[in-house]
Amino acid sequence: MSDQNPDAGKSDEFDVAHRLTRLAQIPMLIGLSVGMVLFLITFFVDIYDAVATYEFLDRKKTILLILNLLDMVFIANLVVMVANNTYNTFRLKSSAHGEGFIKESERAYRRMKHRIVSTIVIISSIHVLSELLEFSQVNALQVAALFGFHLILLATYVVTNVFRTSD
């Protein structure tokens, strides 16, 4: 008879899969970092173009430029939140910290979810406002679709953040 535990092999397989999954996050973090650098370059190029072409002298174009820059800032914040959360997930070892740590992690996850959904709603609001100001470049159906999508995001925010579940 063998004294080996049949569950020991499953535990080792799970541990390897868990490690590989955590390691798979590294290229994603690198990709997000590269994306942020490209986004930063785009941010300053937009400002340079507005100054070089004197677009900032036109009130409507200035408002659209500011909305565009705000949009980029919120998208960058969203990327930072996701990258930070991914990095923290990568370095965490919940089994070493016990039950209290897991409960605290769940609260942190809920706060992160709230921030991410809130940021997406803000980005959507900026896009709707930009499209309304540039109404000559889009048709009424496109604006209605964008507004409908924004309402869906608002409903998602309400469902995920306002109504608390008992978990």
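**Figure 1. Burial and overall fold of the chain.** Buried residues make up 19% of the 167 residues in the chain. Buried means under 20% relative accessible area, exposed means over 50%, and partly exposed lies in between (1.4 Å probe, protein chains only). This is a predicted model: local features need pLDDT of at least 70, side-chain atom pairs count only at pLDDT 80 or more, and totals for chains, interfaces and linings use all residues. Residues are numbered from 1 along each chain as its sequence is written, and side-chain values use heavy atoms, with hydrogens and water left out. The secondary structure comes to 4 helices and 0 strands. From the N terminus on, the order is α-α-α-α. Helices (H or I, at least four residues) and strands (E, at least two) are DSSP runs, numbered from the N terminus. The chain exposes about 12300 Å². Carbon and sulfur atoms supply 66% of that area. Accessible areas come from the Shrake-Rupley method with a 1.4 Å probe; for residues, only the protein chains shown count as cover. Among contacts with a separation of 6 or more, 78% join residues 24 or more positions apart. Contact means heavy atoms within 4.5 Å.

**Figure 2. The largest nonpolar core.** Five residues form this core: Phe43, Ala50, Leu65, Leu69 and Met72. A nonpolar core is a set of buried Ala, Val, Leu, Ile, Met, Phe, Trp, Tyr and Cys residues joined through side-chain atoms within 4.5 Å. Helices α1 (6–52) and α2 each give two or more residues to the core. The largest share, 3 residues, comes from α2. Methionine 72 is in contact with Phe39, Thr42, Phe43 and Asp46, leaving aside its neighbours within four places in sequence.

**Figure 3. The aromatic pair.** The structure holds 1 aromatic pair. The ring centres of phenylalanine 43 and phenylalanine 44 are 5.4 Å apart and the planes stand at 90 degrees, so the pair is edge-to-face. Rings of Phe, Tyr and Trp (its six-membered ring) pair if their centres lie within 6.5 Å; planes under 30 degrees apart count as stacked, over 60 as edge-to-face and the rest as tilted. Phenylalanine 43 is buried, with a relative accessible area of 19%. Phenylalanine 43 is also one of the residues of the largest nonpolar core.

**Figure 4. Tyrosine 54 in the loop between α1 and α2.** Tyrosine 54 lies in the loop that separates these two helices. Its phi is near 60 degrees, a positive value in a residue other than glycine. Most residues other than glycine have a negative phi. Tyrosine 54 is exposed, with a relative accessible area of 56%.

Figure 5. Aspartate 71 is found in helix α2 (residues 59–91). At 9% relative accessibility, aspartate 71 counts as buried. Beyond its neighbours within four places in sequence, aspartate 71 is in contact with Ile123, Ile126 and His127. At 24% relative accessibility, phenylalanine 74 counts as partly exposed. Not counting residues up to four places away in sequence, phenylalanine 74 touches Thr119, Ile122, Ile123 and Ile126. Phenylalanine 74 and isoleucine 122 are 48 residues apart in sequence and 7.7 Å apart in space, C-alpha to C-alpha.

Figure 6. Serine 130 sits in helix α3 (residues 99–133). Its relative accessibility is 13%, so serine 130 counts as buried. Leaving aside neighbours within four places in sequence, serine 130 is in contact with Leu64 and Leu67. Serine 118 lies in helix α3 too. At 18% relative accessibility, serine 118 counts as buried. A polar atom of the serine 118 side chain lies 2.7 Å from the backbone oxygen of histidine 114.

Figure 7. Helix α4 (residues 140–162) has 23 residues. From first C-alpha to last, α4 reaches 32 Å, close to the 33 Å expected at 1.5 Å a residue. The expected span is 1.5 Å times one less than the number of residues. Val143, His150, Leu153 and Asn161 are buried in α4. Asparagine 139 caps the N-terminal end: a side-chain oxygen lies 3.1 Å from the backbone nitrogen of leucine 141.

Conventions: A polar contact is a pair of N or O atoms within 3.5 Å; within protein, one must be able to donate a hydrogen and the other to accept it, and residues adjacent in sequence count only if both atoms are side-chain atoms.
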